[in-house]
Amino acid sequence: MTRLHPAAPAARTLRALIGLGAAFILAVVASGCAGSQPPAPTPDPFVGLADRSDQAFRQGLEAYGQGQYRAALTSFETARTLSPSVDPRIDQMIERSRAAMAPTATPVPPTPTEVPAAPTATPVAMSTQTPDTDLGQRYFGQVTLAMVPGRDADAPAASQFFFQDQIGLHIGGLKQHLRLPFALRVFKTDTGTLVADVRSDDSATPSAAPTTVVSGINNLVAAAAAGVAGQTATPVATPGGRDLHVARFWDTYVWYHAGGEDPGSYRVELYANGVLTNSFDYTVGTVPVTTPEPTVQAQPTAEPVAEPVEALPPFNPTPSLPSIEDLPPPPAPPAPPAPAAPAPAAQPRQARPAPVPPTATPQPTPIPSPTPIPTPATASSTLIGGLPAGLDVNANDGRVFIADGSGVIWINDPQRPTTFNRPVNVGHLPVDLAVDSTTGYVFVSARNESSVLVLDGSGRRLSTIQMPVAPGDLQVDSALGLVYVVLPERQALGVIDGRAGRMLRTIEGLPQITSLALDPDRHTLYASHLAGQLTVIDTPSSQVTSRMTVTGVGLSSVATSRGLAYAVNTASHELAVVEPFAQTVSRYVLPVEPAAVAASEDNGSVYVLASKPNTILRIDPTEGLVVGQVSLTDRSGRFGVSVADQSAFQGLRSRIVVNRADESLYVTLPEAGSMSIVPSDLFPALNRSIPWVETPDAPVVASIPGVSRPAAAPLPPQPAPFFTAQAPADDSNTDQEAN
């Protein structure tokens with residue numbers, strides 16, 4: 001008992017200490033729970049990624065719906081990367097996007113069915129019937145086989161051709177009945193095979209006829225060029241291996257295709273409603289045939305030499321040799337002496353039967369001499385970086401000035417004509433400009449401030465001439481120092497003293513002016529009106545001397561040279577040649593849609609800028625013939641034309657100007673923002689000079705230049721008499737009269 005007594009208190013002491021510790025811990029825990037807030041939950045980092053994944057998925061769906069599969073695939077892959085969990089929708093859209101992007105291989109067709117090299121299974125054979133010539137004469141009129149000439153005229157019948165010649169059937173009745181139904185069969189007699197079987201129903205509509213004519217003439221020119229370049233060229237088959245249709249040339253010539261023939265012997269058959277009316281045998285060789293034989297119908301006979309000799313006398317009233325001998329007496333029509341002429345001429349021909357083809361009529365090949373070259377040259381262009389509106393050239397120093405619709409003036413370096421210096425900012429909306437070659441001043445019409453700006457040759461502003469309304473086109477008479485500016489809102493023309501810098505007077509009663517042209521040698525100003533009238537103004541006195549109607553509505557541009565005026569109508573594709581004092585008008589139909597016109601005082605040519613196609617035509621205005629052509633670069637715009645008020649911006653149109661110093665052309669195309677320089681040597685050389693047209697003396701309205709007089713009231717519109725109206729490539733000037 002004595003030894004255990006001390007242990008009991010120690011145990012109790014230990015238990016007491018443990019209890020106190022436990023109580024202290026409980027107290028600390030309780031105080032901590034009561035005095036502090038619960039800790040904030042840990043943020044989930046995947047919540048933001050899920051939102052971004054959904055956003056990327058929606059962007060991918062939108063791109064996929066717009067067909068932008070590459071962008072959709074990128075968005076879907078981003079969505080899958082950001083998605084905190086596997087989303088089958090994302091994987092499905094990724095597969096679809098990849099499938100849409102994968103190039104689908106074009107299925108290779110099986111081995112094509114063997115097709116015979118030539119369609120020899122045609123059951124059509126040459127007809128053995130005798131042609132019904134009476135029906136053919138009533139149905140078709142006169143029918144001959146000839147080489148298509150350069151204009152719509154009768155060509156001498158022929159039976160031998162060069163492989164590059166354009167052959168055609170001349171059917172006289174087609175001119176009166178353009179829709180005359182017929183069938184045309186061509187056989188190759190060497191092999192007895194059918195070359196072509198075409199009907200008039202397969203031909204193009206009448207509206208496409210001009211295109212066919214131009215194509216045919218181009219083929220003629222190309223054939224002639226190839227023949228001249230090398231007559232030993234290997235003949236190339238033209239018509240084989242393609243669909244054939246009736247090709248029309250002019251109004252009376254038809255053939256089964258446009259182009260040359262393969263060498264060989266042929267027969268052509270003409271049918272009217274299934275009845276054979278005409279047949280012709282002809283041969284195509286590799287040696288140029290200078291003169292076609294004057295045969296009417298080559299009958300299928302086994303003796304081709306004897307037949308022409310017997311058939312020659314009836315057609316000898318117009319042989320070559322007697323006509324040349326009888327050239328001194330001009331009256332060729334007399335019929336009585338004609339039979340006597342063949343008699344002495346037939347004897348020398350009988351004596352030398354071998355060279356029959358060379359002794360035939362030495363008539364030149366009927367290719368139009370002044371036709372355009374087959375491959376026209378292409379003029380280079382320079383981008384000026386804006387919207388060219390006005391254009392003029394100072395012939396004294398070669399400086400080119402271009403008014404840009406963006407508010408600047410471009411000036412080139414005379415040493416480098418295609419290089420432009422830094423543009424001059426005028427801060428206005430320039431519409432047109434004109435250069436005074438005497439002083440070198442440049443006059444710029446600005447629409448937004450209704451003023452005419454006067455600049456020096458470097459572009460420095462000299463003065464500003466206020467106008468009553470917004471101005472339009474400009475012309476300067478450098479010898480008189482007068483500036484003429486169109487005032488569209490006033491339907492008038494303003495006359496400015498360019499040296500004093502002030503407005504002198506206005507010429508009223510000039511509505512809807514579309515273009516101005518000044519004749520500096522004769523001091524005459526021409527104004528074209530949209531309604532089709534042309535107003536003639538004497539510049540020294542500002543008197544309106546005449547006004548005439550030259551075309552219908554659509555007159556768009558006018559030029560002048562040699563005392564004549566030339567106006568183009570965009571709507572009717574016409575060129576009107578006007579003699580202003582006698583008030584006579586000749587109108588020619590153009591093969592293109594004209595946009596602007598210019599004329600040369602030196603050589604008398606008229607240049608028409610075509611909007612479609614992109615070419616410049618050189619025209620002989622005395623006959624309306626196209627004597628040259630130059631192509632320009634693509635006129636499609638580099639940018640969209642966006643002008644705040646396009647209805648007021650009337651200067652935005654193509655311009656063409658002749659530099660009288662070297663006869664070169666300057667052309668601006670606003671939709672392309674470019675300027676082209678066309679040297680005169682790019683056009684083919686003229687094989688003859690364009691004659692001057694005799695014009696009466698101009699009426700003397702004012703004998704003293706510069707005297708201020710009030711302008712006379714414009715004369716009432718009066719219809720001008722029309723003379724000829726012929727196609728550009730037509731040499732006939734008496735067959736077609738304007739109605």
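1. The largest nonpolar core has 38 residues. Apart from it lies another core, of 17 residues, with Leu 564, Val 568, Leu 575 and Tyr 588 among them. As background, nonpolar side chains tend to be buried together in soluble globular proteins.

2. A word on the basis: this is a predicted model, where local features need pLDDT of at least 70 and side-chain atom pairs count only at pLDDT 80 or more, while totals for chains, interfaces and linings use all residues. Residues are numbered from 1 along each chain as its sequence is written, and side-chain values use heavy atoms, with hydrogens and water left out.

3. Back to Phe 140. Leaving aside residues up to four places away in sequence, Phe 140 touches Leu 135, Ile 171, Gly 172, Gly 173, Leu 180, Pro 181, Phe 182, Leu 270, Tyr 271, Ala 272, Thr 277 and Asn 278; contact means heavy atoms within 4.5 Å.

4. For the chain as a whole, there are 10 helices and 41 strands, taken as DSSP runs numbered from the N terminus (helices H or I, at least four residues; strands E, at least two). Of the 739 residues, 44% are buried. Among contacts between residues at least 6 apart in sequence, 55% join residues at least 24 apart.

5. On the helical side, H3 (residues 69-82) and H4 (residues 88-101) pack at an angle of about 155°, with their axes 9 Å apart. Axes here are lines fitted to C-alpha atoms over the stretch in contact, and angles run from 0 to 180 degrees between N-to-C directions. That makes H3 roughly antiparallel to H4, the label for angles over 145 degrees. The contact draws on residues of H3 including Leu 73, Phe 76 and Arg 80, and on residues of H4 including Ile 94, Ser 97 and Met 101. By class, the contact has 10 nonpolar, 1 polar and 5 charged residues; Ala, Val, Leu, Ile, Met, Phe, Trp, Tyr, Cys and Pro count as nonpolar, Asp, Glu, Lys and Arg as charged, and the others, Gly among them, as polar.

6. Gly 440 sits in the loop between strand E17 (430-435) and strand E18 (442-446), and is buried at 17% relative accessible area. Beyond residues up to four places away in sequence, Gly 440 touches Asn 394, Leu 455, Asp 456 and Gly 457.

7. Two backbone angles to look at. His 523, in the loop between strand E25 (513-519) and strand E26 (524-529), has a positive phi of about 50° although it is not a glycine; His 523 is partly exposed at 21% relative accessibility. Gln 583 has a positive phi too, near 60°, and lies in the loop between strand E31 (574-579) and strand E32 (584-589). Gln 583 is buried, at 18%.

8. Ala 582 also lies in the loop between E31 and E32, and is partly exposed at 45% relative accessible area. Ala 582 and Thr 695 are 113 residues apart in sequence, yet 7.8 Å apart in space, C-alpha to C-alpha.

Definitions and conventions: Parallel < 35°, antiparallel > 145°, perpendicular 65-115°, else oblique. Buried < 20%, exposed > 50% of the residue type's maximum accessible area, 1.4 Å probe, protein only. Core = buried A, V, L, I, M, F, W, Y, C linked by side-chain atoms within 4.5 Å.
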